[in-house]
Amino acid sequence: MAKLRTRKHKVVLSRSAGGDAGITFLLTILGIFMFLPMVYVISQSLKPLDELWMYPPRFIVKNPTLGNFKDLFTLMNDSWVPFSRYIFNTVFTSVGGTFGHLFIASMCAYALAKIKFPGGKAIFKTIRTSLMFHSTVTAITNFMLMSAFQMIDTYWAIIVPAWGYTLGLYLMKQFMDSSVPDTVLESARLDGASEIRTYWTIAMPMVKPAWLTLIIYSFQALWNAGASTYIYSEQLKSFNYAIGKITAGGIKRQGASAAATVLMMAVPILVFVISQSNIIETMGSSGMKD
Amino acid sequence: MSKKSAEYQAVARKDITYRQWIWKEMKRNKVAYLMIAPYVLVFTLFTIVPVLLSFVISFTDFNMLQFPNFVGLENYINLFFADDIFLISAKNTLIFAVIVGPVSYLMSFLVAWFINELSPKIRSVVTLIFYAPAISGQVYMIWGTLFSADSQGWVNATLLETGIIESPISWFKDADYVMPLCIVVALWTSLGTSFLSFIAGLQGVDRSLYEAGAVDGVKNRWQELWYITLPSMKPQLMFGAIMAITNSFGFGGVVTALAGLPSVDYAAHTIMNHLEDYGGARYEIGYSSAIAVVLFLVMIGANTVVSKVISKVGS
């Protein structure tokens, strides 16, 4: 009885009305700051020409139209490299980069998390340290190495580095640590299953949320990849780059440009909406212990 | 007895040396090396080798055309004593990092904490609102439209209409405004991976700890936060800090996109932009490698220091 009362008591005590109001207020202010620019993007994309040039400009569209999207598709059709080619480039590099990454990073993560071998910890520490610097620091030397490997101006220049994405390996390893119980693996090994078999048939099905997270992170990076310095040929450039070219076409294309922005942001947002719960589950084990 | 020797006690043998034992262990775990080989190869080629190569090249005058000469510390000396623009960019990077790093970290944590007690459906909607700017690619360009330099821009028009200003301000081309604006945009896009990690960490805190805390006299949510939530989330706090620091020091892409390269009077020029300028535009590879090495060391240094501080929290 006493315990019950303590619990009830706690709920009342720890959640003061003033605190609730303050938190709600702060959250609302921050939410408005985050959300308004997004609203403006969408509003711009739906504005007919006369509203885009209205003075003073209105924040919210009055007579929404899909004309800007139509203009965007017309502009796409006029491009000398067909737009289907740009889309193919982005899809091809995204798929190749993402699945290669998922496969080799999860295999490595399994060995680092579940097999004790000399050097394993040191290797993981090195990989983890690389989370501490931004990859653009090595952009120049990367370029030189890729020219040495003759990878410049090929799809490989985009695909192969994506395989080595560090955050993906880190999240996968941490998730395996926390959600694949050693006892299950131990009994599989006693039954004579090889490590590779254990990895593929036992560990991998248990870490589905982490797969999805790796796929989404890698896909987001590749989808948002604009003009790569590693690619010269127009025919090999990404969808994002091509869209950027349209939007850079000056003020006459303001409407189409807003439509393009909406199109580009809709894809990663949609993907996140579908996979949110899995990503959050993966992040549950993202913590760093020393 | 140290922890290490206790760990190895089970396998301690007298008949072979430590080195022989390691070799035996390595042979026994052949398959593990096989499994890590593909990833480690890619990681070595595209992360480790480029870092090492940057160090080596930073001591030369390599320019992509002629064979490089060894020049010792000349690049570094020029960087710190002759390149005024580098010093401006270092100052700007520091300002960015000191403001954007902690503020985005706090914002990520506070928002995650605020929404933690909402119902799952509402929570996922709010998560999306805060996370969307971080994943939407070039969407931050909308700030350029909102703060466009002519009276057609929404901010200028609103300020003109209300009589606060008399002539339009060219926001991103004005040395007084460009830096604060870039900071705002950086914060806007900064609720990323660490934010998600905090949300997950908060949901992972053992509920029974709160009940035990209430019995032990935890009075309000602030005490609950300090005595229970934060200590249980230390690993996530550490991970989030590293993400925030790395991103805030690597800031530069947004500046180029919104304010141009270089930004007006170098007012928002960061080390990253300086690197872009010398490496991408001028092909002074030796010199830009020195810039990259400095930035690399600063990032690793800041991360190490902050990790040490966080690991001390609550212990």
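**Exercise 1.** Find which residues have the most contacts inside the largest nonpolar core.

*Solution.* Start with the core: it has 150 residues. A nonpolar core is a set of buried Ala, Val, Leu, Ile, Met, Phe, Trp, Tyr and Cys residues joined through C-beta atoms within 7 Å; buried means 20 or more other C-beta atoms within 10 Å of a residue's own, with C-beta atoms placed from the backbone. Now pick out the residues with the most contacts inside this core: A:Cys108, B:Cys182, B:Ile291 and B:Leu295.

A quick note before going on: this is a predicted model, where local features need pLDDT of at least 70, side-chain atom pairs count only at pLDDT 80 or more, and totals for chains, interfaces and linings use all residues. Residues are numbered from 1 along each chain as its sequence is written, while chains are lettered from A and ligands numbered from 1 in the order in which they are written.

**Exercise 2.** List what B:Ile291 is in contact with, leaving aside neighbours within four places in sequence.

*Solution.* Contact means C-beta atoms, placed from the backbone, within 7 Å. That gives you B:Leu79, B:Ile271, B:His274, B:Leu275 and B:Tyr278.

**Exercise 3.** Describe the contact between chain A and chain B.

*Solution.* First, count: chain A gives 79 residues and chain B gives 83.

**Exercise 4.** Work out how the domains of chain A are arranged.

*Solution.* An automatic or database assignment gives domain 1 (13–65) and domain 2 (75–283). Their centres, over C-alpha atoms, are 32 Å apart.

Methods
Contact = placed C-beta atoms within 7 Å. Buried ≥ 20, exposed ≤ 12 C-beta atoms within 10 Å, placed from the backbone.
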